[in-house]
Amino acid sequence: MTIDRQSLRWNGWGKADQENPLPEGAAQWEFIRAALGMRALPSTPAKRFTDVVLPKSRLNADTIARLKEIVGNNQVRDDDYERAFHARGKSYHDLLYVRAGKLEVAPDAVVYPRSIDEVELVLKYCLKNDIALVPYGGGSSVVGGVNAQSGALDRAVITLDMTLMNRVLKIDKKSMTATLQAGIYGPELEKALNEHGVTLSHFPQSFEFSTLGGWIAARGAGQQSNRYGKAEKWLVSAVLVTPKGIWKTESTPASAAGPNLNQLVAGSEGTLGIICEATVKIHEVPEEKDYRGYLFKDFASGVKAVRAINHADIPVAMVRLSDAPETYFFQAASGGSGSGLKAKLQSLYLKSKGLTAPCLMLVGLEGDKESVSYARTRTSAIAERYGATAIGTGAGKKWYQGRFHSPHMRDPMMDHGLGIDTLETSTNWANMLPLHEKVTNAIEEAIGANAPEPGERGIVMAHVSHSYPDGASLYFTFLFPRKLDDEVGQWLAIKRAASDAILAGGGTISHHHGVGTDHAPWLAEEKGPQGYQLLKTLKAECDPDGILNPGKLLT
């Protein structure tokens, strides 16, 4: 099974016929307008596809014919829709261009290989003819990781869409590993594994529209990574096609034979080779799942609880802690706040508990009944120790049922003159609260300095999304009035301020989104001169002609 590109939004998130989560007249619009200090929400619809003009393809008829000889007639596409769909990823920055119909950056053709042999032949042809090659899975990158850049003036670009390479090759229940082709989508992967009673349980927010190869390339993290790990933890081995030939990484469970080269594959972002197959760690489908909520009087108390849970080695699948603005905003934006008797009683109850600006912590537990029961008792006791009020499973179930829905709210917001973006970092526990404050302040100040009208402001919110014994990630979401006469400049100013604050404050430029083009200017500072030179040397060795995903990761 593959996803028909025509069924998806070429200039937004999700399916073309999906229901609008924020229809006209919804109560949330007035709340958002007032919160941002806007006099009105303008109408800013995206350009229609029929109004978009793409640059002329730089590939001649002979090149198209040769590519069709390699992969088949139906697997080479150079029509406007395929080229537009594959022009950019799904970041807010990308959508500013796509929605405006500005597709000067677009592939000259899209090729859908079905085997490693076909990938190798396409790559050899591109090498011989100096054509850039951009690997593409679901295209869900939010850091410019799949943009069809050439890396050289007038060099043609082919996007290599991997989604026809979507087979499960082997499931080894003795070793608890599975070998799969890299183009398999998340839902398809889980369905196939679940039929054998096993799971990878990698559930990023992009799960419905992202692929195994993309998760590995970006060093991604699923929402339950406390239990199942980030991509670099569950990756056992990989098969890549490189300009120097086939590269198969080691697959033993542990080795002292030099550095583990799988760690170079995870996070390589298609710049060293094209990930075609991967062997991953799998787990038995959990017997029980328990997701429940706790409210803390402030973010600092919640951070202490998350840290204590990690230090106690409790087998949790997820611990997610929202700060006060995020707790309030998502309750209000989902229609969870109101003026009725029930809402007033809830407000009075929370105030009686000292929860005037509460912070919501969600704890997810998965496994056999005994381990879930044990973890529930331990996590509840720790939450209580730090002053939490338990609110049962209602909030947890609501989050779990809608855990992939947030990206769908972006398109209607952009239709009403609003900007909404996310970024993430990680740091150690001692630095968690200072970094949270510095980045929040930096984003707020940058939004204020670049507001379209006096008095307009942004909403900046954050949560601890993935946690470890030594620290955790911070995931920021910010909503702001768009500066319609300088949308890209406004975004660049906010992004620059946030990224500078992250590195100056002791965080990493990315915890799980990756580098792409958007974070590349900050990578050299994070890695240091020697580390950055090592990465450049590795790129030069694997891809001396620079045709693989130009402009990503390394400037």
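Ala, Val, Leu, Ile, Met, Phe, Trp, Tyr, Cys and Pro count as nonpolar, Asp, Glu, Lys and Arg as charged, and the others, Gly among them, as polar. The model is predicted: local features need pLDDT of at least 70 and side-chain atom pairs pLDDT 80 or more, while totals for chains, interfaces and linings use all residues. Residues are numbered from 1 along each chain as its sequence is written, and side-chain values use heavy atoms, leaving out hydrogens and water.

**Exercise 1.** Determine which residues line the second largest cavity, and classify them.

*Solution.* A cavity is a set of points, on a 1 Å grid over the protein atoms alone, where a 1.4 Å probe fits but cannot get out; lining residues have an atom within 4 Å of a point.
- The lining consists of V142, V143, D421, T422, W491, K495, H513 and D518.
- Two elements, β16 (418-428) and α18 (487-504), each give two or more residues to this lining; helices (H or I, at least four residues) and strands (E, at least two) are DSSP runs numbered from the N terminus.
- By class, 3 of the lining residues are nonpolar, 2 polar and 3 charged.

**Exercise 2.** Identify the lining of the largest cavity and its classes.

*Solution.*
- L8, R9, G12, W13, G14, F85, K90, G138, G139, S140 and F209 form the lining.
- The classes are 4 nonpolar, 5 polar and 2 charged residues.

**Exercise 3.** List the residues that M361 touches, not counting residues up to four places away in sequence.

*Solution.* With contact taken as heavy atoms within 4.5 Å, M361 touches R292, G293, Y294, F296, V306, I309, V319, R320, L321 and A383.

Notes
On a 1 Å grid over the protein atoms alone, a cavity is a set of points where a 1.4 Å probe fits but cannot get out, and a pocket is an open set with protein on both sides within 12 Å along at least five of seven lines; lining residues have an atom within 4 Å of a point.
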